[in-house]
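Visitor: I have a structure to look at and some questions about its side chains. Can we go through it together?
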Amino acid sequence: MVSFFFFLKIKINIEPCFDQILCRRISFMTDFSKHSDAALLRLLKSGDHYAYTELYNKNWKFLYNSAYNILRNHQDTMDVCQTLFMWIWEHHDQIEIKTNFRAYLFVAAKYRIANLIRDGRGRTDLFENADFEHLSDGDFNPLEVKELKNLIRQLIEELPPKCREIFIMSRERAMSHKEIAQELGISNKTVDEQISRALKKLKIPLNRLASIILLC
């Protein structure tokens, strides 16, 4: 089991083994496993890190599966889940959850995935892998989603060669602007301008895909 303290120390850079997370428990003086999520959230609000760890243990698999059903990519899913749980700890004294915790996690994950798509911060093939059918009982137009994916793919292909190369290096190879500039022998400003140019062209279909996620 990845302890809360270890998780906090390295923030979102962990990649826990799910069998260990689900099957091994940290032994506490108080048996937090018998607490409801509502009770754990009340303890969390006062800064109880053991309550936080129990919430993490109980709900990680649910959150991972919910996000993975949409993204269909392990690393993107890990990024969403880790960032969300870290946000919850960092804002534990302010967080107000009016519904049950899993419903909150599901909605929060959808917002993070929508922002990932809207801002174009995901991999270039994120749009190909994303499975929107898992978001609802069919309350969306699958043909529209297919057309949006095709449009995004087409728009990326239509980018000027240098702009497309820089965009793919940033999204597919996860290179920083500085790394791209060094590899291509150009300025950081040029990298910024080319990525902004690509995102401007992709803005409309990306915004629509993000909206579909939030509406479902």
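Visitor: Where do Y56 and W60 lie?
Guide: Both are in helix α4, which covers residues 49-71. They are four residues apart, or about one turn of the helix. Keep in mind that this is a predicted model.

Visitor: Are those two buried or exposed?
Guide: Y56 is buried, and W60 is buried as well.

Visitor: How many aromatic pairs are there?
Guide: The count comes to eight aromatic pairs.

Visitor: And why is the pair of Y56 and W60 called tilted?
Guide: Their planes are at 45°, so the pair is tilted; a pair would need planes under 30 degrees apart to count as stacked, or over 60 to count as edge-to-face. The ring centres of Y56 and W60 are 5.1 Å apart.

Visitor: What about Y64 and Y68?
Guide: Those two form a stacked aromatic pair, with 5.8 Å from centre to centre and 10° between the planes. Y64 and Y68 are also four residues apart in helix α4, about one helical turn.

Visitor: Why does Y64 count as buried?
Guide: Because its relative accessibility is 11%, and buried means under 20%. Y68 has a relative accessible area of 28% and is partly exposed.

Visitor: Which residues do ring pairs link into a cluster?
Guide: Y52, Y56, W60, F85 and W89.

Visitor: New topic. How many salt bridges does a search of the whole structure find?
Guide: Four. One of them joins the side chains of K58 and D37, at 3.0 Å from N to O. K58 is in helix α4 and D37 in helix α3 (residues 37-45), so this pair ties together parts that are 21 residues apart in sequence.

Visitor: Which of those two is buried?
Guide: D37 is buried, with a relative accessible area of 17%. K58 is partly exposed, at 27%.

Visitor: What does K45 form a salt bridge with?
Guide: With E96, and their closest N and O atoms are 3.1 Å apart. This pair links distant parts of the chain, 51 residues apart: K45 is in helix α3, while E96 is in the loop between α5 (74-90) and α6 (101-118). K45 is partly exposed, with a relative accessible area of 34%.

Visitor: And K201, where does that one come in?
Guide: K201 is in helix α11 (residues 188-215). Its side chain meets that of E158 in a salt bridge, 3.8 Å from N to O. K201 is partly exposed, with a relative accessible area of 35%, and E158 counts as partly exposed at 42%.

Visitor: Now the core. Which residues touch the most other members of the largest nonpolar core?
Guide: F85, I88, F101 and L105, out of the 42 residues in that core. F85 also belongs to the ring cluster we talked about.

Visitor: Which elements give two or more residues to this core?
Guide: They are α3, α4, α5, α6, α8, α9 (161-171) and α11.

Visitor: Which one gives the most?
Guide: α4 does, with ten residues.

Visitor: What does the second core include?
Guide: The second core is separate and has seven residues, among them M169, M175, A181 and I195.

How values were computed. Residues are numbered from 1 along each chain as its sequence is written. This is a predicted model: local features need pLDDT of at least 70, side-chain atom pairs count only at pLDDT 80 or more; totals for chains, interfaces and linings use all residues. Side-chain values use heavy atoms; hydrogens and water are left out. Rings of Phe, Tyr and Trp (its six-membered ring) pair if their centres lie within 6.5 Å; planes under 30 degrees apart count as stacked, over 60 as edge-to-face and the rest as tilted. Buried means under 20% relative accessible area, exposed over 50%, partly exposed in between (1.4 Å probe, protein chains only). A nonpolar core is a set of buried Ala, Val, Leu, Ile, Met, Phe, Trp, Tyr and Cys residues joined through side-chain atoms within 4.5 Å.
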